[in-house]
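Dear colleague,

Please read them with the coordinates open.

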Amino acid sequence: MTLKHPATPSATLDFRICLRANRWGTRRVIGRGFAIISRLGDGVFWYLLMSVLAVFDGAPGRKAALHMAVTGLLALLLYRTLKRWTRRPRPFRASSDVIAHVPPLDEFSFPSGHTLQAVSFTVVALAYVPVLLPLLLTFTVLVALSRVVLGLHYPSDVLAACVIGGVLGTLSLYAAQGLQLAF
């Protein structure tokens with residue numbers, strides 16, 4: 001099954017929101033700021049967080065970092081599979097009105113891998129270190145917004161990734177809890 005973009009992309013609310021958000025990216029400060037957030041969301045921020053937890057929080061931090069890493073690998077496999085299955089073109093490929101403010105990491109749009117990773121990492125990290133809520137929630141929201149503003153995803157790609165990432169993160173917490181009970 002392939003999700004096709006409508007013949008007239010401007011007819012969808014999803015596309016209209018995408019185009020409006022993408023125009024914000026033409027403002028130099030906003031475009032650069034979201035490009036930096038997006039780059040950090042490539043993994044830099046999350047790897048740094050896992051490293052800090054593992055080094056400075058002892059055994060609980062190492063457990064959290066390992067849990068985040070395993071969840072991240074599952075998220076990677078999941079969103080790559082979904083992208084190959086759905087093959088939804090990125091907004092800038094579907095319409096010349098949308099500008100890709102940064103180069104994409106892969107070809108397809110659905111779901112947003114950055115957002116899926118950010119949400120699943122946030123769910124797991126907050127289970128271990130709830131005090132990080134303001135930082136992680138803010139960063140995750142900015143990553144999600146960046147993907148639309150930068151012209152790489154539709155809002156529906158990001159919303160679906162939020163749901164998938166939330167479910168994945170939550171299921172990984174239940175799985176980890178079940179493994180602890182088994183041993």
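This is a predicted model: local features need pLDDT of at least 70, side-chain atom pairs count only at pLDDT 80 or more; totals for chains, interfaces and linings use all residues.

The structure holds 5 salt bridges, and I describe some of them here.

Asp106 takes part in two of the contacts I looked at. With Lys83, Asp106 forms a salt bridge in which the closest N and O atoms are 3.2 Å apart; because Lys83 belongs to helix H3 (residues 58-86), while Asp106 sits in the loop between helix H4 (91-94) and helix H5 (113-128), the pair ties together parts that are 23 residues apart in sequence. The side chain of Asp106 also meets that of Arg90 in a salt bridge, at 2.5 Å from N to O, and this pair links the loop between H3 and H4, where Arg90 lies, to the loop between H4 and H5, 16 residues apart. As for burial, Lys83 is buried at 5% relative accessible area and Arg90 is buried at 1%, whereas Asp106, at 29%, counts as partly exposed.

Turning to Arg88, its salt bridge with Asp157 has its closest N and O atoms 2.7 Å apart, and it links distant parts of the chain, since Arg88 is in the loop between H3 and H4 and Asp157 in helix H7 (residues 155-182), 69 residues apart. Arg88 is buried, with a relative accessible area of 11%, and Asp157 is likewise buried, at 0%. Together with Asp14, Arg88 and Asp157 are linked in a network of salt bridges.

Note on methods. Residues are numbered from 1 along each chain as its sequence is written. Side-chain values use heavy atoms; hydrogens and water are left out. A salt bridge is a side-chain nitrogen of Lys or Arg within 4 Å of a carboxyl oxygen of Asp or Glu. Helices (H or I, at least four residues) and strands (E, at least two) are DSSP runs, numbered from the N terminus. Buried means under 20% relative accessible area, exposed over 50%, partly exposed in between (1.4 Å probe, protein chains only).
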